[in-house]
Amino acid sequence: MSYVDDTALELAQKAMAEAIAAGDEKIIDQIGEIVGASSQSLQESYLTFVRVLRAEERARNLLAESASKRTET
């Protein structure tokens, strides 16, 4: 990956972890705004990684739920 992508991924992971720890999703948007004020490219990559990480989490939860139902019967 490029420097921009590496940085965006790291920021997205840290922002999502902080949002969970603090119980406040606003940090994710605030980071996006701060980054976007200086670099539109970094902001776009950051927001893409946030969407990808959220989608991954939903998919993994669905898979775990499905596996759990299968083992319950």
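Biologist: Why is Thr 7 called buried?
Modeller: Thr 7 has a relative accessible area of 18%. Buried means under 20%, exposed means over 50%, and partly exposed is what lies in between, with a 1.4 Å probe and protein chains only. So 18% puts Thr 7 in the buried class.

Biologist: And what is the model behind that value?
Modeller: This is a predicted model, in which local features need pLDDT of at least 70 and side-chain atom pairs count only at pLDDT 80 or more, while totals for chains, interfaces and linings use all residues. Residues are numbered from 1 along each chain as its sequence is written, and side-chain values use heavy atoms, with hydrogens and water left out.

Biologist: Where is Thr 7 found, and what does its side chain reach?
Modeller: Thr 7 is in helix α1, a helix being a DSSP run of H or I with at least four residues, while strands are E runs of at least two, both numbered from the N terminus. The Thr 7 side chain reaches the backbone oxygen of Tyr 3 at 2.9 Å. That counts as a polar contact, because the term asks for N or O atoms within 3.5 Å, one able to donate a hydrogen and the other to accept it, and residues adjacent in sequence count only if both atoms are side-chain atoms.

Biologist: What makes Ser 45 count as buried?
Modeller: The relative accessibility of Ser 45 is 9%, so it counts as buried. Ser 45 sits in helix α3, and its side chain joins that of Asp 5 in a polar contact of 2.8 Å. Leaving aside neighbours within four places in sequence, Ser 45 is in contact (heavy atoms within 4.5 Å) with Val 4, Asp 5 and Ala 8.

Biologist: How many salt bridges turn up in the whole structure, and why is the pair Glu 10 and Lys 14 called one?
Modeller: The search finds four. A salt bridge is a side-chain nitrogen of Lys or Arg within 4 Å of a carboxyl oxygen of Asp or Glu. For Glu 10 and Lys 14 the closest N and O atoms are 3.0 Å apart, so the pair passes.

Biologist: Which parts of the chain does the pair Arg 54 and Glu 25 link?
Modeller: Their side chains meet in a salt bridge at 2.8 Å, N to O. That pair links distant parts of the chain: Arg 54 is in helix α3 (residues 40-72), Glu 25 is in the loop between α1 and α2 (26-38), and they lie 29 residues apart. Arg 54, at 29%, is partly exposed, and Glu 25 is partly exposed too, at 44%.

Biologist: How do you know that the buried residues of α2 lie on the same side?
Modeller: The buried residues of α2 are Ile 28, Gly 32 and Val 35. They cover an arc of only 75° around the axis, so they share a side of α2; the arc is that of the directions from the helix axis to the C-beta atoms. On the other side of α2, the exposed residues are Lys 26, Glu 33, Ile 34, Ala 37 and Ser 38. Cover for the buried residues of α2 includes α1 and α3.

Biologist: What span is expected for α3, and what does it reach?
Modeller: The expected span is 1.5 Å times one less than the number of residues. With 33 residues, α3 is expected to span 48 Å, and its reach from first C-alpha to last is close to that, at 48 Å.

Biologist: What makes a set of residues a nonpolar core?
Modeller: It takes buried Ala, Val, Leu, Ile, Met, Phe, Trp, Tyr and Cys residues joined through side-chain atoms within 4.5 Å. The largest one here has 13 residues, and among those touching the most other members are Ala 8, Tyr 46 and Phe 49. α1, α2 and α3 each give two or more residues to this core, and α1 gives the most, with six. Beyond four places in sequence, Ala 8 is in contact with Leu 42, Ser 45, Tyr 46 and Phe 49.
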